Amino acid sequence: MLASVPVQAQDAFLSELGEGALCALPFLFEFWAMPHQLPPEGDWRTWVIMGGRGAGKTRAGAEWVRSQVEGATPFDKGRARRVALVGETIEQVREVMIFGESGILACSPPDRRPKWEASRKRLIWPNGAVASVHTAFDPEGLRGPQFDAAWVDEMAKWKKAQDTWDMLQFALRLGEKPQVCVTTTPRNIGALKMLLQLPSTVTTHAPTEANAANLAGSFLEEVRARYAGTRLGRQELDGVLLSDAEGALWTGEMLELCHRKAPAEFDRIVVGVDPAITSGKSADECGIVVVGAQMQGAVG
């Protein structure tokens, strides 16, 4: 990166650029981007950018949208014409993904900057491309619209993550190859874990420190001092997906060690139920255990 070379080299490089190139340079993301912010090569449907707080995920998502909708000139068509912007709430889509410091409007050059239509909750680019706002609180809102690209932000904290993701998949039916960019700090939720296991999913990853040049030094010092070595630190700063619940009696690694090939048939099967003592939405969880035993040849 330019910032990593001596000042003399920076001055020499910049002095060779014309006025037009200098004006365009801040908007050439490939020049400034870190490796985890650039789309992987290959035939993928979903790109998951998973990282710590402040790792540059939002900027990467906004720039990816730009790369999809913009053409060679401001009025040329890009690869995508209909984009879904999906966040937890309308406010978060608007304030982070669109109007945020690393959002779409901030990343767009003046001649390609889209216009925000508040009444219709959508962005319109000079070339006619449209990005509409959708939320995880209303998965059914994705019934009807259709898209050729989507940017999904902070999926791991959605309460209706699986329902929203499923509805989005049915709406991605335009173009030759609809794609999705997912930017999120990881959490142990089923929808994200299933997505990461799909062969059509690719991932890039970075801790918070990867973007240290754009973060307050006091912020990094404080959060590392408080959360280094903790589960919360590994999740929120290192961007690591922790698959086991804190305090779990049985971890995934322990269960893997217990796996054995099942016998052809069991001599006895027992189902144990620990019922909830309350009812309704706030009821306690019900525990169910199934045990199979092969008793032939057992030694007493």
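**Salt bridges, nonpolar cores and surface patch**

The structure holds 12 salt bridges, each defined as a side-chain nitrogen of Lys or Arg within 4 Å of a carboxyl oxygen of Asp or Glu. The model is predicted, so local features need pLDDT of at least 70 and side-chain atom pairs count only at pLDDT 80 or more, while totals for chains, interfaces and linings use all residues. Residues are numbered from 1 along each chain as its sequence is written, and side-chain values use heavy atoms, with hydrogens and water left out.

Helices (H or I, at least four residues) and strands (E, at least two) are DSSP runs, numbered from the N terminus. Both Arg 112 and Glu 70 are buried. Buried means under 20% relative accessible area, exposed over 50%, and partly exposed in between (1.4 Å probe, protein chains only). The two residues also belong to a network of salt bridges that links Arg 59, Glu 63, Arg 66, Glu 70 and Arg 112.

Glu 117 pairs with Arg 122 in a further salt bridge, with the closest N and O atoms 2.8 Å apart. Glu 117 is partly exposed at 28% relative accessibility, whereas Arg 122 is buried at 18%. Another salt bridge connects Glu 209 and Arg 224, at 2.5 Å from N to O. Here too the pair links distant parts of the chain, 15 residues apart. Glu 209 lies in the loop between β8 (201–206) and α9 (217–227), and Arg 224 in helix α9. Glu 209 counts as partly exposed, with 32% relative accessibility. Arg 224 is also partly exposed, at 23%.

In soluble globular proteins, nonpolar side chains tend to be buried together. A nonpolar core is taken as a set of buried Ala, Val, Leu, Ile, Met, Phe, Trp, Tyr and Cys residues joined through side-chain atoms within 4.5 Å. The largest such core has 25 residues. Val 65, Leu 85, Ile 104, Leu 123, Trp 125 and Trp 151 touch the most other members. Elements giving two or more residues to this core are β1 (46–51), α4 (57–69), β2 (82–87), α5 (90–98), α6 (104–107), β5 (130–135) and β6 (149–153). Helix α4 gives the most, with five residues. Beyond its neighbours within four places in sequence, Leu 85 is in contact (heavy atoms within 4.5 Å) with residues including Val 65, Val 93, Ile 104, Leu 123 and Trp 151. A second, separate core has 24 residues, among them Val 86, Ala 136, Val 182 and Ala 191.

Phe 266, Ile 269, Val 271, Val 273, Ile 288 and Val 290 make a nonpolar surface patch of about 590 Å². Such patches consist of residues with over 30% relative accessible area and no salt bridge: like charges are joined within 9 Å, nonpolar side chains (Val, Leu, Ile, Met, Phe, Trp, Tyr) within 5 Å. Accessible areas come from the Shrake-Rupley method with a 1.4 Å probe. Strands β9 (268–274) and β10 (287–293) each give two or more residues to the patch. The largest share, three residues, comes from β9. Ile 288 lies in strand β10 and is exposed, with a relative accessible area of 57%.
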